[in-house]
Amino acid sequence: SLSRLIPAGLVPAAMVIPGGVLPIDLALGVALPVHSHIGLNFVISDYVPKAVAPATRAGLLGVTCLTLAGLLKLNVQGEGVTKTAKRLWTK
């Protein structure tokens, strides 16, 4: 599906391009949390009891929104997702 293809194409592109490219950083900042949200939503459907599933989904939505906001701030005010990842992997 599209939620798998976008991160699969963006991550290698981001690692190959020297420096950070804002459009790729912004796309990763949206694609990765959305991809994780979709996957964890299926985990909730399969493993969380139905009585607590709505509260768990609400918590997941909150975490996803916070992650989106944090990555947006990193991309706009910081060095970006790709530079941060490269810096973490080289040290």
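Which residues of H3 are buried?

1. **Overall fold.** The model is predicted. Its chain contains four helices and zero strands, giving the pattern α-α-α-α when read along the sequence. The C-alpha trace spans about 50 × 25 × 25 Å along its principal axes. Of the 91 residues in the chain, 22% are buried. Among contacts between residues at least 6 apart in sequence, 63% join residues that are at least 24 apart.

2. **Buried residues of H3.** To answer the opening question, the buried residues of H3 are Ala53, Leu60, Thr64 and Asn75. These buried residues pack against two elements, H2 and helix H4 (81-90).

3. **Length of H3.** Helix H3 has 25 residues, so at 1.5 Å a residue it should span 36 Å. The C-alpha atoms at its ends are 35 Å apart, which agrees with that expectation.

4. **Pairing of H2 and H3.** Helix H2 covers residues 22-47 and helix H3 covers residues 53-77. Their axes come within 10 Å and cross at roughly 170 degrees. An angle over 145 degrees counts as roughly antiparallel; H2 and H3 are therefore roughly antiparallel to each other. On the H2 side, the contact is made by residues including Leu22, Asp25, Leu26, Gly29 and Val30. On the H3 side, the residues include Ala53, Leu60, Thr64 and Asn75. The residues of this contact divide into twelve nonpolar, eight polar and two charged.

5. **Asn75.** This residue lies in helix H3. Buried means under 20% relative accessible area; Asn75, at 7% relative accessibility, therefore counts as buried. Its side chain reaches the backbone oxygen of Asp25 at 2.9 Å. A polar atom of the Asn75 side chain also lies 3.0 Å from the backbone nitrogen of Val81. Leaving aside residues up to four places away in sequence, Asn75 touches Leu22, Asp25, Leu26, Gly29, Gly80 and Val81.

6. **Val52.** Val52 is located in the loop between H2 and H3. Is Val52 buried or partly exposed? Its relative accessible area is 41%, so Val52 is partly exposed. Val52 and Leu88 are 36 residues apart in sequence, and their C-alpha atoms are 37 Å apart in space.

Methods:
Residues are numbered from 1 along each chain as its sequence is written. This is a predicted model: local features need pLDDT of at least 70, side-chain atom pairs count only at pLDDT 80 or more; totals for chains, interfaces and linings use all residues. Side-chain values use heavy atoms; hydrogens and water are left out. Axes are lines fitted to C-alpha atoms, for helices over the stretch in contact, and angles run from 0 to 180 degrees between N-to-C directions. Angles under 35 degrees count as roughly parallel, over 145 as roughly antiparallel, 65 to 115 as roughly perpendicular and the rest as oblique. Contact means heavy atoms within 4.5 Å. Ala, Val, Leu, Ile, Met, Phe, Trp, Tyr, Cys and Pro count as nonpolar, Asp, Glu, Lys and Arg as charged, and the others, Gly among them, as polar. Buried means under 20% relative accessible area, exposed over 50%, partly exposed in between (1.4 Å probe, protein chains only). A polar contact is a pair of N or O atoms within 3.5 Å; within protein, one must be able to donate a hydrogen and the other to accept it, and residues adjacent in sequence count only if both atoms are side-chain atoms. The expected span of a helix is 1.5 Å times one less than its number of residues.
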